[in-house]
Amino acid sequence: MADFLMPSLGADMEVGTVLQWLVKPGDAVKRGDIVAVVDTEKATIEVEIFQSGVIQRIVVPEGEKVPVGTLLAVIVTNGEGVVAAPEAKPKPAERAPVVIAPPPPAQPAPPRIAAKPAPEPAAPHRARISPLAMRLAMELKVNLATVKGTGPEGAVTKADVERAAKAPPLPTAAAPVPKPIEEPAPAALPKPAVAPIDHHTAMRKVIAAAMARSKREIPHYYLGTHIDMSKAMAWLQAENLKRPVTERLLYSVLLLKAVALAADEIPEMNGFWIDGAFKPGEAVHVGVAISIRQGGLIAPAIHDVGKKNLSEIMASLRDLVKRVRAGVLRSSEIADATITVTSLGNEGVESVFGVIYPPQVALVGFGKIVERPWASGGMVGARPVIMASLSGDHRASDGHRGALFLNTIERLLQVPEKL
Amino acid sequence: MTDDEIKTLFLRELHRIAPEVELSEVDPAVDLREQIDLDSMDILNLAIAIHEATGVDIPEADYPQMTSLNGCVAYLRSRTS
């Protein structure tokens, strides 16, 4: 028997809301399956399970908000006597497609709560719903039991939820209010399952908490160096000429690979500071800081970057950016990063000295590539130059090792064909 | 492909890349990197979508020509006629 707990998806998470269960009692699951969709202040997360077995019991129902570590479900692990063997398990991947995250509505609809709490739909025939439609329904206080799905196989889509929100209000519904989040539920009406989350305010709050903790607890040291990118950029340009547009690489992929290989050589940069000691990461999972245009940022991990080739890293990065924009990430991506890279891109400025994301111990920053005079071999020429910086945790490493780490990144970027 | 078809394609893909942007407020003459903060990944995704819909392979060096709606229409017209 094993417990499936509300996971801690990063240092800044304290509570999570179970939006949707993708399994029911009796379902067989294997390690890595996505079993539930959880809403945190920062994003909607598809939570993977780390034990194979059969779901015995679901403890926390959909819609409930619980602290990290709360028992969500009980699993009978393989080897134990399985009571109710399932016939066929629906693949989690067959869920309704995830719809694009909407910006928060300027004029949130008034709360619409059915006069009578909807009965729990029978589990096997539960209407399918995309995580984002689910989240939107909570924000708009739409009772999903009353929404007719028009998506594939009757799945409830974002548009269905929006339509339901625009339906004429029930006689008992309160007058329109600008901020449903602060509207106390009238006593006569059933309480909505959870208070809707204002993701903008909430994200600012979690970033504030994590960054304040970092600056309170982590004695940062900072190093920086200029790296000549002419070889890397020339190689990349020639390589991209050979590739169809769908296969082309961005230079950030070279940076990510170089950081991962350097972290392999200087392991004190890769891992966590937990309970007064450094715990090296088992692999190099690089967190990539991706800004969210509406505000805020999130740094999900690309797994095993050092072992992937550049095309694979590029594919992972594209996929990750797409899912950050859509607002849906996986639990392992949120929790696993062992080191973080922030790259300002070409719309940014020349240098960045970042704040370490606890409990990690290092953050590598890259500014934009600029053309600068560069002296080498007694000659001055114009070269594309990038400023690489390291924010290091002085409890886990010293400046000398940090310098070696940055120099290793520089050395690796001089032989791009070997990355 | 007509100009209107190109515009529709461009805006549809822009909506996929930047769902928070109000498409009716996009200024067709202004570079989207400045206008709505598109980054290099977004521009690449635009190029891929246009390639997949039109078959035109856009070399990397030409990306800067297609970073506004008007620029993209003019560029594709020059490449397809």
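A:Val29 has A:Gly53 as its bridge partner in S6(A). This is a predicted model. Two bridges link S3(A) to strand S6 (residues 53–58) of chain A, and the two strands run antiparallel.

That pair belongs to an open sheet of four strands in chain A, ordered S1-S8-S6-S3 with antiparallel pairing. Strands S1 (2–5) and S3 (28–29) of chain A stand at the edges with a single partner strand each, so one side of each is left without a neighbour in the sheet. Strands of a sheet pair through backbone hydrogen bonds, either parallel or antiparallel.

Next, the helices. Helix H5 (residues 251–265) of chain A has 15 residues. From first C-alpha to last, H5(A) reaches 22 Å, close to the 21 Å expected at 1.5 Å a residue. Is H5(A) mostly covered or mostly open? H5(A) is mostly covered, with eleven of its 15 residues buried. Among them are A:Tyr251, A:Leu254, A:Lys257 and A:Ala263. The buried set also includes A:Val253, A:Leu255, A:Leu256 and A:Val259.

Now the contact between the chains. Chain A contributes 18 residues and chain B contributes 17 residues. Which helix of chain A gives the largest share of the side that touches chain B? Helix H6 (residues 310–326) of chain A does, with three residues. By class, the side of chain A that touches chain B divides as follows.

| Class, side of chain A touching chain B | Count |
|---|---|
| Nonpolar | eight residues |
| Polar | five residues |

How values were computed. Residues numbered from 1 in each chain as written. Chains lettered and ligands numbered in written order. Predicted model: local features only at pLDDT ≥ 70, side-chain atom pairs only at ≥ 80, totals over all residues. Contact = placed C-beta atoms within 7 Å. Nonpolar A, V, L, I, M, F, W, Y, C, P; charged D, E, K, R; others polar. Pairing = 2+ DSSP bridges. Expected span 1.5 Å × (residues − 1). Buried ≥ 20, exposed ≤ 12 C-beta atoms within 10 Å, placed from the backbone.
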